[in-house]
Amino acid sequence: MGKTLFDKVWDAHVVKSLDGGRSVLYIDRHYIHEVTSPVAFLGLKNRGVKVARPQNTTGTPDHNVPTVNQHLPVAEEQSRLQLESFERNCREHGIECFALGSPRHGVVHIVGPEQGITQPGMTIVCGDSHTSTHGAFGAVAFGIGTSEVEMVFASQCILQPKPKTMRITVNGKRGKGVTAKDIILYIISQISASGGTGHFIEFAGEAIRDLSMEERMTVCNMSIECGARGGMIAPDQTTFDYVCGRNRAPQGDDFDQAVERWKELYSDADARFDKEYTFDAANIEPMITYGTNPGMGIGVTAAVPSDEGLSGSDRISFHKALEYMDFKSGEKMLGKKIDYVFLGSCTNGRIEDFRQFAMAVKGHKKAEHVTAWLVPGSKAVEAQARAEGLDKILAEAGFELRQPGCSACLAMNADKIPAGKYSVSTSNRNFEGRQGPGARTLLAGPLVAAAAAVTGMIADPREVFNL
Amino acid sequence: MSIPKFIKLTTTAVPLPIENVDTDQIIPARFLKAVERKGFGDNLFRDWRYDEQNVPVGSFPLNDSRFSGEILVAAKNFGCGSSREHAAWAIFDYGFRVVVSSFFADIFKNNALNNGLLPIQVSEEFLRKVFAAIEADPAARFEVDLQNQTLTILSTGEQTSFEIDGYKKECLLNGYDDVDYLMSIRPEIEAYESVHRA
């Protein structure tokens, strides 16, 4: 029997297998940030050991950084101390750190691929669940906890049970105005916020193949939102073209040799998956969420569903979500007034997202009552947006760019949505309080966010922008 | 180094009959600014436990004086979302030693096991029995026996067995730490590195 893409990469990294199913898995790339690493560094200190392979480790502070005035000292004391401690730890252990304000700074899952550090066939971990982003390159990439960060620091390995495999095939062509974000929100709405638990997903099919590298990252990024350990896409010419010439990518002959190896990274025709789903891209509309987990998504033209068929804790949780959002079953999403728009995060903070948003709002004006936070995923994205004149197009329409960071995706810094306000957000989680205590999050792609920003309500981007 | 040992426990339980409890609820991001592992229990379920004026919400189970104990019982998909290990630290620091659910998010499960907090996955049916036992008598006691991998509702005598990876079971029973193990096999890791092309 053939092997899946996942099996090929995983098996090539098993140092040894333990009784009971755990493997000692070798890690090629370890990304770190300021929030989930301090206690791991402390653990090393208590053991009297140093990071084993600092050259395979890259740090960038992102979760807790301000997105304005990054040249000034960070105002909030605890945040400042955490950032200082991060930079000190990196220095002491000889780890490269893309410090706040430096040209390579940004959200960890944006800068890794951007710098060519993420490559096909690798194992990649980070103390962050959206590490699944890097799976877009055909890497086995997954989020880990702080104890596991310490394991990787100390040994460049991690102890993990091998997940099951799942393939999600999206056939056909997507319609106008349907973004990668809509594809993944649709998938999660179909299999639920826990449908992928225990599995590693391979995304396949024509609609996936047709995606650009950045769009593939958006899809893999949200694998965790259906509970999956990670998601991946077999590398192809789109992947090789993206990686080619980047800072840390192999260069010249080394690159050509690497591509020959990477071409072997696909699921064999006779490979068996533990679970398979197939969807048709033609059924996917621009999406929006109405509830408090990413599985509670519907087409933007649809109405809030009813509790029909739900019982027990399912029913309790459904009503808790609607009560939090102050929505009622049967209400149309279109026309609901919104207060905030957030463009950014490791899900939708790349240059193509900013281009898409800017081109959509060109010639329109931001609705007066809407506060919009446009946060590039990295300094490089910010610089590119300015080089292309997107900042001017946005300014003309009443928007301005902030500075890179995770920002309102998790509201750990000052970018918090006030209680009770509605935020159309291109981030990845609509959990209660995720964007600030009491904040109400509606997850969407950049086009639905753009339509909301200019109309001040939930609107269909295909109508608003004549797509 | 070691993790807290877990062998056997007899205690009451706190019910949280909510699905998809994500780690942002367990510990909101604004409490993740510490650089040490201390005091996270104070902010466990912060925004469910306290209202905007920081007044305890009486109806929330952790504030309900009828409920106490070292077992937290939650509905399915507990610990989903962010990988923050602070969630496991907060639950442990608050005083829980076991979380029972009909299933756990993968990262949370690993994080719990790495900190001496035992996640017990039971069937939907058994979970209903556990909730029912607490509802019938909030002082109902439960026994968790890791060696025999059983959870017993002492008031009714109903028992279920649970799965746990053999390696992690040994770690919990003995307080072993994964980092020590991985450092002990450094020669094998170096041998792997010498033939592996990143």
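What you're looking at is a predicted model, where local features need pLDDT of at least 70, side-chain atom pairs count only at pLDDT 80 or more, and totals for chains, interfaces and linings use all residues. Residues are numbered from 1 along each chain as its sequence is written, chains are lettered from A and ligands numbered from 1 in the order in which they are written, and side-chain values use heavy atoms, with hydrogens and water left out.

**The five-stranded sheet**

- Chain A has an open sheet of five strands, ordered β5-β4-β3-β6-β7, with parallel pairing.
- The edge strands are β5 (96-97) and β7 (140-143) of chain A; each has a single partner strand, so one side of each lacks a neighbour in the sheet.
- Strand β4 (residues 57-59) of chain A runs parallel to β5(A) and is joined to it by two bridges; strands count as paired if DSSP finds at least two bridges between them.
- Within that pair, A:Gly59 sits opposite A:Cys97 of β5(A).
- Helix α5 (residues 146-155) of chain A lies across β3 (29-32), β4 and β6 (123-126) of chain A, at about 130° to β3(A).
- That angle is taken between N-to-C directions on a scale from 0 to 180 degrees, using axes fitted to C-alpha atoms, for helices over the stretch in contact.
- Helices (H or I, at least four residues) and strands (E, at least two) are DSSP runs, numbered from the N terminus.

**Around β17**

- Strand β17 (residues 422-425) of chain A is covered on both faces, with A:Tyr422 and A:Val424 buried on one side and A:Ser423 and A:Ser425 buried on the other.
- Buried means under 20% relative accessible area, exposed over 50%, and partly exposed in between (1.4 Å probe, protein chains only).
- β17(A) pairs in the parallel sense with strand β15 (residues 340-343) of chain A over three bridges, and A:Tyr340 has A:Ser423 as its bridge partner.
- β17(A) also pairs in the parallel sense with strand β18 (residues 440-443) of chain A, over four bridges; here A:Tyr422 partners A:Arg440.

**Two buried residues**

- A:Arg434 belongs to the loop between β17 and β18 of chain A, and is buried at a relative accessible area of 4%.
- The A:Arg434 side chain makes a polar contact with the side chain of B:Asp24 (2.7 Å); the term covers N or O atom pairs within 3.5 Å, where within protein one must be able to donate a hydrogen and the other to accept it, and residues adjacent in sequence count only if both atoms are side-chain atoms.
- A:Thr239, in helix α9 (residues 237-243) of chain A, is buried with a relative accessible area of 0%.
- Not counting residues up to four places away in sequence, A:Thr239 touches A:Pro120, A:Phe137, A:Met213, A:Arg216 and A:Ala234; contact means heavy atoms within 4.5 Å.
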